[in-house]
Amino acid sequence: GTSWMEDELPVTIYELQSSDSVLVALSLELGSTEPERIAIERVLSQKAPTDNELDTSLKNLQDTLKALEERINILVDFLQRTHSGEIPLNRTLLQQVQELVQQLPILSAKSNFDEEFAKEQEDVVLMSYVATIAKTACAVKSYTEKFLLIYDNLANRESMRRAY
């Protein structure tokens, strides 16, 4: 059998010609790189997570973020109290905090982090859509093949009954 990647998707895209108000079919070729194909095939081979699994994953992520926020608040409190003189200066702890802060990415007003993040997020969403469409196309193809097989079997039985 052929791979689903070798088959054509039964999709036609039309463009509205503004001058004539007529829809014209576009010739479109969907290209992908090897890593994208591998990612899509991996998505297709995995079972979809259940709502319960997604809820558990989201809850774990929320708990992790809350714990991280608590630790950051402890560091901020430590730095504020050290700065005000409420806590004696501890150079070892300040060096550890500095090393930790230096590991963080630099975000400034001039940083284009938001633009890069939005583009990356858009790419992930698009890949998710492509994977969903590919998975749906595979399911439709599989159901069509099963239907045709059943229909052919029924037609063969009917012709055999008529022969007797």
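I started with Arg81 and found that it pairs with Glu86 in a salt bridge, the closest N and O atoms being 3.1 Å apart. The model is predicted, and I read the distance as a computed value.

I turned to helix H2, which covers residues 51–84. In a salt bridge there, the side chains of Lys59 and Asp63 meet at 3.0 Å, N to O. The two residues are four apart in helix H2, so about one helical turn separates them. I recorded Lys59 as partly exposed, with 43% relative accessible area, and Asp63 as partly exposed too, with 34%.

I then checked helix H4, residues 113–163, where Asp123 and Lys119 also sit four residues apart, about one turn of the helix. Their salt bridge has its closest N and O atoms 3.7 Å apart. Asp123 is partly exposed at 32%, whereas Lys119 is exposed at 54%.

Last, I looked for nonpolar side chains on the surface. I found a patch formed by Leu58, Leu61, Leu65, Leu68, Ile72 and Val76. Together these residues have about 540 Å² of accessible area. I placed one of them, Leu65, in helix H2.

Conventions. Residues numbered from 1 in each chain as written. Predicted model: local features only at pLDDT ≥ 70, side-chain atom pairs only at ≥ 80, totals over all residues. Heavy atoms only, no water. Patch = residues over 30% accessible without salt bridge, like charges linked within 9 Å, V, L, I, M, F, W, Y side chains within 5 Å. Areas by Shrake-Rupley, 256 points an atom, 1.4 Å probe, with all protein chains shown as cover. Salt bridge = Lys/Arg side-chain N within 4 Å of Asp/Glu carboxyl O. Buried < 20%, exposed > 50% of the residue type's maximum accessible area, 1.4 Å probe, protein only.
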